[in-house]
Amino acid sequence: MVNDEGVSRPALREVRIDKRQVRVLAHPLRMRLVGALRVKGPATATTLAELLGTNTGATSYHLRQLAEVGLVIEDPDRGSGRQRWWQAAHDVTNWEPSDFDDDPDARAAIEWIQGDQVRLLAETADRWFATQHEWSAAWRDGFGMGDIFMTIPPDRLEELKAEVWQVLERYHREAEPTASTDPEARPVQVFLAAYPLREGLQ
């Protein structure tokens, strides 16, 4: 992919997870391992254990489980001797809840993953509320969230999500070179969500 300045940027590596992958991914430590590898880049089980506050045996075991279904892969260019380096196989995980309607175990797994995303959002917001006074006015104005109400059919909602996601992907690509040259750049996490309006307000 080439940006407006003619500079080539790699497209995001995406995976549409299948039933086997979703059953493996639905685990607190495995979700955190995949997330850490996507954010921090390749790492060893020892480094990941230190980062996530667990032990090397646990990270090694769960990395192997993730590797069996292709969600993480070894980084052969970094490995030396018995030390194994791991990297995320993809940048983005995609699915539709209806993908798993015919498999109760996979459906339960994806529902757990969705719930874990909401828990992560709540934890992230709580950390922000506790520390926002330490940030500059520009960042305090930049961070945060909002909502909007609308009446819309499901196909148009899908179009809306896809269009917003394209914007997020563009900013993600453009942020890569900025991160190394702009001293004001910081890692941020952007959530995208849409839910039915509470009954009684419709």
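Mentor: The largest nonpolar core has 29 residues, and those with the most contacts inside it are Ile17, Val22, Leu37, Leu63 and Leu66. A nonpolar core here is a set of buried Ala, Val, Leu, Ile, Met, Phe, Trp, Tyr and Cys residues joined through side-chain atoms within 4.5 Å. Buried means under 20% relative accessible area, exposed means over 50%, and partly exposed is in between (1.4 Å probe, protein chains only). This is a predicted model, in which local features need pLDDT of at least 70 and side-chain atom pairs count only at pLDDT 80 or more, while totals for chains, interfaces and linings use all residues. Residues are numbered from 1 along each chain as its sequence is written, and side-chain values use heavy atoms, with hydrogens and water left out.

Two or more residues of this core come from each of helix H1 (19-25), H2, helix H3 (45-52), helix H4 (56-68), strand E4 (85-88) and helix H5 (104-131). H2 gives the most, with six residues. Helices (H or I, at least four residues) and strands (E, at least two) are DSSP runs, numbered from the N terminus. The protein has seven helices and five strands, and from the N terminus on they run β-α-α-β-α-α-β-β-β-α-α-α.

H2 covers residues 28-40. At 1.5 Å a residue, its 13 residues should span 18 Å, and the end C-alpha atoms are 18 Å apart, which agrees; the expected span is 1.5 Å times one less than the number of residues. The buried residues of H2 are Leu29, Arg30, Met31, Leu33, Val34, Ala36 and Leu37. Gly41 follows H2, and its phi is positive, near 90°.

H4 can be read in the same terms. Its 13 residues should span 18 Å at 1.5 Å a residue, and the end C-alpha atoms are 18 Å apart, in agreement. Ala58, Thr59, Ser60, His62, Leu63, Gln65 and Leu66 are the buried residues given for H4. They pack against H1, H2, H3, strand E3 (72-74) and E4.

In H5, 28 residues should span 40 Å at 1.5 Å a residue; the end C-alpha atoms are 41 Å apart, which agrees. Ala106, Ala109, Ile110, Ile113, Asp116, Ala125 and Trp128 are buried in H5, and what covers the buried residues of H5 includes H1, H2 and H6. Val22 shows part of this packing by residue. Leaving aside its neighbours within four places in sequence, Val22 is in contact (heavy atoms within 4.5 Å) with Ile17, Phe100, Ala106, Ala109, Ile110 and Ile113. In the protein, among contacts between residues at least 6 apart in sequence, 62% join residues at least 24 apart.

Next, the charged pairs. A salt bridge is a side-chain nitrogen of Lys or Arg within 4 Å of a carboxyl oxygen of Asp or Glu, and by this rule there are nine. In one of them, Asp103 pairs with Arg23, the closest N and O atoms being 2.8 Å apart. This pair links distant parts of the chain, 80 residues apart: Asp103 is in the loop between strand E5 (92-94) and H5, and Arg23 is in helix H1. Asp103 is buried, because its relative accessible area is 15%, whereas Arg23, at 39%, counts as partly exposed.

Another salt bridge joins the side chains of Arg84 and Glu74 (2.7 Å, N to O). Here Arg84 lies in the loop between E3 and E4 and Glu74 in strand E3, 10 residues apart. Arg84 is partly exposed at 36% relative accessible area, as is Glu74 at 38%. Arg119 and Asp116 are three residues apart in helix H5, so about one helical turn separates them. Arg119 is partly exposed, with a relative accessible area of 39%.

Finally, the surface. Buried residues make up 26% of the 202 residues in the protein. The protein exposes about 14100 Å², of which carbon and sulfur atoms supply 52%; accessible areas come from the Shrake-Rupley method with a 1.4 Å probe, and for residues only the protein chains shown count as cover. Ile148, Met150, Ile152, Leu160, Val164, Trp165 and Leu192 make a nonpolar surface patch of about 590 Å². Patches are made of residues with over 30% relative accessible area and no salt bridge, like charges being joined within 9 Å and nonpolar side chains (Val, Leu, Ile, Met, Phe, Trp, Tyr) within 5 Å. Met150 lies in the loop between helix H6 (137-142) and helix H7 (154-181). Met150 counts as partly exposed because its relative accessibility is 46%.
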